[in-house]
Amino acid sequence: PGRRHRRRVCNTRPQRMPSPSAVRSACEDAARALAACTDESCTATMHVRLATCIGQQVCKAEADAFAAYRRPSDAEEAQRAFAQMQQCTVRWAIESERYHVDVSLLQ
């Protein structure tokens, strides 16, 4: 009853988690296109493109679910799928930070 349990701390990144530098490299074109935007329409479109690229690297199932919605009638479902993909990429960023990895890609 009076014993304390030590919590194990592991500072190595799990194998499945892609590094931010790998994601940055894979999504470099999308990031560049977003940076080059000069209007709201372009910015919105390129933000989705970059978010989807990041999602494909770190949350493939969620990114694939979002990509499956193509028809205008799917807008509500697409928004939900996009939000789920974004939540997944945020979890990845938090995990990356926990393992002392630079997550500036998402800022």
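## A buried cysteine

Cys37 is buried, at a relative accessible area of 14%. Buried means under 20% relative accessible area, exposed over 50%, and partly exposed in between (1.4 Å probe, protein chains only). Its partner is Cys42, joined to Cys37 by a disulfide with an S to S distance of 2.1 Å. Cys42 counts as partly exposed, at 26% relative accessibility. The link of Cys37 and Cys42 is left-handed, with -65 degrees about the S-S bond.

## About the model

This is a predicted model: local features need pLDDT of at least 70, side-chain atom pairs count only at pLDDT 80 or more, and totals for chains, interfaces and linings use all residues. Residues are numbered from 1 along each chain as its sequence is written, and side-chain values use heavy atoms, leaving out hydrogens and water.

The structure holds three disulfides. A disulfide here is a pair of cysteine sulfur atoms within 2.5 Å. Number the bonded cysteines in sequence order, and the pairing reads 1-4, 2-3, 5-6.

## Cys27 and Cys53

A disulfide joins Cys27 to Cys53, S to S 2.1 Å. Cys27 lies in the loop between helix H1 (20-26) and helix H2 (28-35), and Cys53 in helix H3 (residues 40-58), so the pair ties together parts 26 residues apart in sequence. Helices (H or I, at least four residues) are DSSP runs, numbered from the N terminus. Both Cys27 and Cys53 are buried.

## Cys59 and Cys88

Cys59 is joined to Cys88, S to S 1.9 Å. Cys59 sits in the loop between H3 and helix H4 (60-67), and Cys88 in helix H5 (residues 75-98), 29 residues apart. Cys59 is buried at 2% relative accessibility. Cys88 is buried at 10%.

Technical notes
Helix = DSSP H or I, 4+ residues; strand = E, 2+ residues; numbered from the N terminus.
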